[in-house]
Amino acid sequence: MRLKYNAPTVLTFAFLSAAVWVLSVTIMPSLTINWFRVPGKGSFSPGQIRSWVTLVTHVLGHSNWDHLLGNFTTILLIGPILEEYYGSLTLLFMIFVTALVTGVLNVIFFSTGLLGASGVLFMMILLVSFTNFNRGEIPLTFILILVLYLGREFYNSFANNNVSEFAHIVGGFVGSLFGFFRPGKNSKL
């Protein structure tokens, strides 16, 4: 038996996020804040390359070990399924688009910064419900996940916390669009 790097996009995403966290808590304490956190509305500086880079890199930064583990426990569970179904490059594109959309919308609508892979996680959660459907069908699993996961996020959005439920909702919406309009390489269409 040999060890296989079975899901290169998902594993590389997880390892890069873990490396950013380790570097941030050891030898580079300002790394996450400077390069892996989207500034909020009013703090975005169009003249600084760093502001543009963070619109995508924010998915690699996490505030603490629990935040990182909370996101990647599920990403490592369902990500390889999605990578097998859609392909590595397509999943990488989906992660990139989700990061960019959540980053841009955060800069437009919120004064707080955005940090973490939660939007990508919710994209994957909604997207995985499309791995076994036919054109013209709406998977019941999609409806249930939509109601349970995103319904909870709408409810939680009224709480006073440090969680960006908006990124979760946007990520889920992006995953839903990918599911409806981007059939996987193994789809039954």
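Visitor: What is the accessible surface of the protein, and which share of it belongs to carbon and sulfur atoms?
Guide: The model is predicted, so to speak of local features requires pLDDT of at least 70, side-chain atom pairs count only at pLDDT 80 or more, and totals for chains, interfaces and linings use all residues. Residues are numbered from 1 along each chain as its sequence is written, and side-chain values use heavy atoms, with hydrogens and water left out. Accessible areas come from the Shrake-Rupley method with a 1.4 Å probe, and for residues only the protein chains shown count as cover. The surface comes to about 10,400 Å², and the share of carbon and sulfur atoms is 68%.

Visitor: How many helices and strands does the protein have?
Guide: Helices (H or I, at least four residues) and strands (E, at least two) are DSSP runs, numbered from the N terminus. The elements run α-α-α-α-α-α-α-α from that end. The count is eight helices and zero strands.

Visitor: What percentage of the 189 residues of the protein counts as buried?
Guide: A residue is buried under 20% relative accessible area, exposed over 50%, and partly exposed in between (1.4 Å probe, protein chains only). By this criterion, the buried part of the 189 residues is 43%.

Visitor: Is Gly 175 buried or exposed?
Guide: Gly 175 belongs to helix H8, which covers residues 165-181. Its relative accessible area is 0%, and therefore Gly 175 is buried.

Visitor: Which residues does Gly 175 touch, not counting residues up to four places away in sequence?
Guide: Contact means heavy atoms within 4.5 Å. The C-alpha atoms of Gly 175 and Val 120 are separated by 8.4 Å, although these residues are 55 apart along the chain. With residues up to four places away in sequence not counted, Gly 175 touches Met 123, Leu 126 and Leu 127.

Visitor: Which helices each supply at least two residues of the lining of the second largest pocket?
Guide: On a 1 Å grid over the protein atoms alone, a pocket is an open set of points with protein on both sides within 12 Å along at least five of seven lines, and lining residues have an atom within 4 Å of a point. Among the lining residues are Phe 13, Thr 57 and Phe 96. The helices asked for are H1 (8-25), H3 (49-57) and H5 (88-109).

Visitor: Which residues of H3 are buried?
Guide: Helix H2 (31-35) and H5 are included in what covers the buried residues of H3. Those buried residues are Ser 51, Thr 54, Leu 55 and Thr 57.

Key
1 Å grid on protein atoms, 1.4 Å probe; cavity = no way out; pocket = protein on both sides within 12 Å on 5 of 7 lines; lining within 4 Å.
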